[in-house]
Amino acid sequence: MTEIAELVDRLEIGELVARFFASLDERQADPRAHPFDEAWARRFFTEDVRFRFPVGTFAGRDIAPRMQTLTMDMWGRTQHLAGIPLVELDGDQASVRWDAVHTHVQLESTQAARADRPGELMMSGGHYDAEVARTGDGWRFRVVVLTVAWTTGKPPVFNKELARLSAS
């Protein structure tokens, strides 16, 4: 039974990663259908979650919806591809690492302001290191860190409110 329980935990953690990435791209397709709100944050994060992303360092599940909205609003559309998560289980906690490729289509307003061609992209690749915890509602992220290894294309017009929201 222990081996089966471990396999179930690994599957559930992998699903957490996949659902998180899907939520980012679904939100871009239809913001009304998939808002970054309190319910969204509860599906993915512990109350004390910490984030370290290229756009800043953030702490707390209560800040996650605003942080994610401001980040994703810098883009027209996105596609996030996650590699197979490497999971190291330790009881009700685990460390998780996965590779990722992010494709971002620039906002039409950004393209117009820069006189860029329509559909201008910025892509990046790297990996995520995360800590997850088993909660009464299932596995949730406690720490999420993105390390970018490469980028191509122009960065977005950075949102100053996101900078103010950052804990760093």
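This is a predicted model: local features need pLDDT of at least 70, side-chain atom pairs count only at pLDDT 80 or more; totals for chains, interfaces and linings use all residues.

Reader: Which residue does R97 form a salt bridge with?

Author: A salt bridge here needs a side-chain nitrogen of Lys or Arg within 4 Å of a carboxyl oxygen of Asp or Glu. For R97 the closest N and O atoms of the pair are 3.5 Å apart. The two residues link distant parts of the chain, with R97 in strand β5 and its partner in strand β6, 32 residues apart. That partner is D129.

Reader: What is the relative accessible area of D129?

Author: Buried means under 20% and exposed means over 50%. D129 is partly exposed because its relative accessible area is 28%.

Reader: How many bridges join β5 to β6?

Author: The two strands run antiparallel. One of the paired positions is H102, whose bridge partner in β6 is S124. The number of bridges joining β5 to β6 is 13.

Reader: Which residue in β5 stands opposite A82?

Author: Strand β3 covers residues 75-82 and runs antiparallel to β5, with seven bridges joining them. The residue opposite A82 is A100.

Reader: Which residue in the turn between β4 and β5 has a positive phi?

Author: β4 and β5 pair in the antiparallel sense over five bridges. One of the facing pairs is D90 opposite Q93 in β5. The strands form a hairpin with two residues between them, and the turn residue with a positive phi, about 65°, is G91.

Reader: What is the N to O distance in the salt bridge between D92 and R134?

Author: The two side chains meet in a salt bridge. This pair links distant parts of the chain: D92 lies in the loop between β4 (86-90) and β5 (93-106), while R134 is in strand β6 (residues 121-135), 42 residues apart. The distance, N to O, is 2.7 Å.

Reader: Is E120 buried or exposed?

Author: E120 forms a salt bridge with R117, where the closest N and O atoms are 3.8 Å apart. R117 counts as exposed because its relative accessibility is 54%. For E120 the relative accessibility is 13%, and the cut-off for the buried class is under 20%. E120 therefore counts as buried.

Reader: How many salt bridges does a search of the whole structure find?

Author: The pairs discussed above include D92 with R134 and R97 with D129. E120 with R117 is another. The search of the whole structure finds eight.

Reader: How many of the nine residues of helix α3 are buried?

Author: Helix α3 runs over residues 64-72 and is mostly covered. Among its buried residues are A64, P65, M67 and L70.

Reader: How far apart in space are K160 and G119, C-alpha to C-alpha?

Author: K160 is found in helix α5, residues 160-165. K160 is exposed because its relative accessible area is 64%. K160 and G119 are 41 residues apart in sequence, and their C-alpha to C-alpha distance is 24 Å.

Terms used
Residues are numbered from 1 along each chain as its sequence is written. Side-chain values use heavy atoms; hydrogens and water are left out. Helices (H or I, at least four residues) and strands (E, at least two) are DSSP runs, numbered from the N terminus. Buried means under 20% relative accessible area, exposed over 50%, partly exposed in between (1.4 Å probe, protein chains only). Two strands pair if DSSP finds at least two bridges between them.
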